[in-house]
Amino acid sequence: MQLLKIRFYQLKRDLGILFFPILALASCISFFAFNHPEKVGLYVVAIITYLFYSFHKNRGDLAFTYKHFNSAKAQIITEYQLFLLPFSVPVLFTEYWYSFFALHALVFLIPFADTTRKIQFKFLFITKCFRNDYIFISGIRKNLFVLVPLILIALALSPLKLFPLVALFIFNAVVFSFYEVNESVQMIQASNKTPKQFISSLLSSAAVKLAIVNAPVLIINTAFNFDLFLFNFYFLIYNLLMLATVIVLKYADYQYKKQGNSIQIKLIIMILGLFIPYLSPLTLIFYVQSRAEAIKNLNNYLDDRHS
């Protein structure tokens with residue numbers, strides 16, 4: 001298969017001998033996630049499926065694949081099924097063994113989703129609510145019909161254990177996707193801020209918005225399930241950290257001629273830290289390292305005389 005050959009050479013070039021240790025690590029993480037003491041196996045199914053869908057939706061080679069490859073959809077299906085195996089095979093050795101079949105069935109359907117049809121509406125009230133935050137205005141306009149049902153589901157299920165957090169997590173992941181596309185350099189320069197001021201204003205503005213949305217669900221959930229207080233607190237703080245890291249990763253890799261950014265692998269590692277806390281320090285390391293790189297990179301586009 002043409003697509004698998006290309007993927008093989010890409011992995012060989014980018015990872016080399018690290019491919020097998022990473023494969024083993026992915027399997028171990030999946031096994032531990034499905035054996036989590038909080039019994040979050042079914043939620044992990046939803047998250048893994050969403051990650052594959054997110055990758056499919058944002059990959060830039062779909063048009064090329066469908067145009068030049070024979071049986072392109074079959075090749076994409078095969079690719080996803082193979083890449084799912086490190087996550088799904090360990091499930092067979094847990095109490096959620098049946099999720100193996102659910103995972104492969106759900107991921108099988110992803111290539112049939114139409115990710116090219118983008119219906120956009122103006123929604124002028126969004127501009128009034130978010131004023132000059134063009135990233136949130138654009139992101140919400142594109143994803144309003146996904147975000148509204150997710151937050152309503154989260155609120156409706158908020159008295160229950162864990163269920164609302166799945167909807168809230170997916171909501172937050174959609175917000176993270178707002179930062180996958182690069183704005184024009186003119187929009188950055190129009191801020192009239194130094195790199196440090198620009199990054200700080202973005203971080204504080206985004207954090208406040210995410211906290212305002214997450215807080216009601218988490219407060220209600222904690223009131224009904226006080227034993228989840230620490231986990232809910234960790235959920236909020238860690239999601240704010242992930243949002244901050246996604247933002248600095250974007251601007252660390254920002255190039256005015258580059259449309260998007262490739263942060264999928266790091267994002268997957270960060271998401272795993274939500275369920276396996278000992279991986280969470282990696283997110284903090286990503287943030288600290290990328291923030292410095294983002295400020296340095298933005299010096300190429302912003303006047304830093306006032307820093």
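## Basis of the model

In this predicted model, local features need pLDDT of at least 70 and side-chain atom pairs count only at pLDDT 80 or more, while totals for chains, interfaces and linings use all residues. Residues are numbered from 1 along each chain as its sequence is written, and side-chain values use heavy atoms, with hydrogens and water left out.

Ala-206 lies in helix H11 (residues 195-224), where a helix is a DSSP run of H or I with at least four residues, numbered from the N terminus. Ala-206 has a relative accessible area of 1% and is therefore buried (under 20% relative accessible area, with a 1.4 Å probe and protein chains only). Apart from neighbours within four places in sequence, Ala-206 is in contact (heavy atoms within 4.5 Å) with Phe-136, Tyr-179, Leu-243 and Ile-247.

## Helices H3 and H13

Helix H3 (residues 41-58) packs against helix H13 (residues 264-275) at an angle of about 165°, with the axes 12 Å apart; these axes are lines fitted to C-alpha atoms over the stretch in contact, and angles run from 0 to 180 degrees between N-to-C directions. H3 and H13 are therefore roughly antiparallel (an angle over 145 degrees). The contact is formed by Ile-47, Leu-51, Ser-54 and Asn-58 of H3 together with Gln-264, Ile-268, Ile-271 and Phe-275 of H13.

## Helix H9

In helix H9 (residues 163-176), 13 of the 14 residues are buried, so H9 is largely enclosed by the rest of the structure.

Terms used. Helix = DSSP H or I, 4+ residues; strand = E, 2+ residues; numbered from the N terminus. Buried < 20%, exposed > 50% of the residue type's maximum accessible area, 1.4 Å probe, protein only. Parallel < 35°, antiparallel > 145°, perpendicular 65-115°, else oblique. Expected span 1.5 Å × (residues − 1).
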